[in-house]
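Welcome! Please take a look at the structure below before trying the exercises.

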There are 2 protein chains.
Amino acid sequence: MAVKKEQDASTEERILAAARIVFTRKGFAATKVRDIAAEADINLSLVNYYFRSKEKLFEVVMAEAVQKLVFEIATIFNDTQLGIPEKITRAVNYYIDLLLENPDFPLFLVNEIITGDDMFTRFAQQNTLFQSDLIRQLFAMKEEGKLSVHPVHVMMNVIGLVVMPFLARPILERNALVKDGEFVKLMNERRTLIPLWLKGMLG
Amino acid sequence: MAVKKEQDASTEERILAAARIVFTRKGFAATKVRDIAAEADINLSLVNYYFRSKEKLFEVVMAEAVQKLVFEIATIFNDTQLGIPEKITRAVNYYIDLLLENPDFPLFLVNEIITGDDMFTRFAQQNTLFQSDLIRQLFAMKEEGKLSVHPVHVMMNVIGLVVMPFLARPILERNALVKDGEFVKLMNERRTLIPLWLKGMLG
DNA sequence: GATAAAATTGAACAGTTGTTTAAAAAAGTT
DNA sequence: AACTTTTTTAAACAACTGTTCAATTTTATC
């Protein structure tokens with residue numbers, strides 16, 4: 001008995017896709033299971049049938065997001081073959097790629113840091129960003145006297161310079177400071193600008 | 001008849017204070033009116049008695065927050081007496097002061113950009129940050145060929161460098177990268193570092 | 001094609017949540 | 001003190017929300 005799952009993934013995947021959209025747009029608390037069902041155009045009960053609860057479904061979506069946001073970067077930051085500037089350049093490019101495809105990610109994640117019952121924390125715990133080889137390199141550089149500021153400043157700057165524009169995007173576009181399509185152009189400029197700026201900060 | 005309000009402000013103010021705490025910590029959707037009543041230690045009905053609805057109460061709290069975050073800065077950015085570096089230095093210091101006192105502000109505001117029904121937008125519309133004298137100065141500098149990048153880059157960098165640490169703070173402290181109390185020290189360092197970094201970017 | 005398993009549906013449940021109401025208590029006014 | 005207004009309270013309402021259940025339909029297996 002029990003034919004393993006994986007027969008008709010279409011419904012399950014549709015729910016997941018809908019959940020991604022609604023959770024990302026409205027956050028966990030403001031999202032109703034009925035919203036997801038409507039977005040997926042399936043019966044309400046199916047959400048609980050495929051995923052056990054709203055919370056479990058959310059965890060899946062959140063895990064995906066964190067995975068995308070953290071794992072690749074962790075690999076780069078932990079590549080002992082790469083120097084600091086190269087690590088930063090690659091990370092910046094990866095993030096800008098990712099965020100151009102998923103512009104709502106930062107808002108979504110930031111939202112859950114407050115709203116959620118530390119769901120974010122649970123996953124971010126595996127977070128190797130902050131105990132990475134890059135951190136080690138920066139601390140070493142600091143001790144050699146070649147870096148004048150606390151390594152954390154550098155980390156905060158990388159993240160801030162990459163992520164903030166996506167957080168501010170709605171406001172920028174609303175105030176017509178950035179016209180349609182221009183945002184993408186600006187972000188592409190930042191691929192080379194941010195590493196340049198950081199080089200200035202390191203020196 | 002109708003003795004004007006303002007008699008016993010204590011209850012009203014207690015509700016408001018409680019609302020600030022709970023809304024800021026959990027966001028609009030995740031906050032229950034009963035949470036606020038409990039936090040204020042008053043009867044549930046009084047919330048609707050003094051403020052007409054949860055939404056109206058939230059608007060008050062949000063308006064306060066946006067006011068604090070935008071108005072002072074707008075004044076600085078629009079002071080035609082001040083040069084670019086001086087504007088930036090003052091803005092950075094004001095923001096760091098403000099955010100050290102209200103560390104949850106950024107998370108709160110960012111949260112409402114997605115979750116809220118554009119409540120943030122309504123207020124931020126008065127936003128003179130992005131049509132300020134500083135913007136004008138930067139565009140002028142750009143046209144004179146003394147600024148190589150788009151002025152928006154500069155704006156995004158200022159905000160990003162100041163605000164991001166406060167967004168990342170929970171993660172930084174959780175991962176023990178920043179010890180207790182050290183965060184404040186780092187932010188105070190950034191008062192001088194950020195203007196310095198930005199000078200480098202402008203040149 | 002008969003049988004079993006899995007998927008889907010509509011309805012209902014139980015708990016929550018924002019809001020209202022009517023009555024009581026407190027404060028203010030004459 | 002009598003009376004009015006304002007404030008506070010407890011209870012209830014009505015709508016909403018996550019979840020479950022039983023019945024039905026669809027799909028897979030022999």
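This is a predicted model: local features need pLDDT of at least 70, side-chain atom pairs count only at pLDDT 80 or more; totals for chains, interfaces and linings use all residues.

Residues are numbered from 1 along each chain as its sequence is written, chains are lettered from A in the order in which they are written, and side-chain values use heavy atoms, with hydrogens and water left out.

**Exercise 1.** Describe the interface of chain B and chain A.

*Solution.* Start with contacts, meaning heavy atoms within 4.5 Å: 49 residues of chain B touch 50 residues of chain A. Next, take the buried area, the accessible area (1.4 Å probe) that two parts lose on being put together, summed over both. Here that area is about 4500 Å², and carbon and sulfur atoms give 73% of this value.

**Exercise 2.** Find how chain B is placed relative to chain A.

*Solution.* First superpose the copies by least squares on the C-alpha atoms of residues with pLDDT of at least 70 in both. A rotation of 180 degrees, with 0.0 Å of shift along its axis, brings chain B onto chain A with an RMSD of 0.1 Å. The two copies are therefore related as by a two-fold rotation axis. Both copies use the same surface, since 100% of the contact residues of chain B recur in chain A.

**Exercise 3.** Locate the annotated region of chain A.

*Solution.* An unreviewed UniProt entry annotates residues 32-51 of chain A as "DNA-binding region"; such annotations may be inferred rather than shown by experiment. Now look at the span itself: residues 32-51 of chain A are 75% helix and 0% strand, with end C-alpha atoms 14 Å apart. Helices (H or I, at least four residues) and strands (E, at least two) are DSSP runs.
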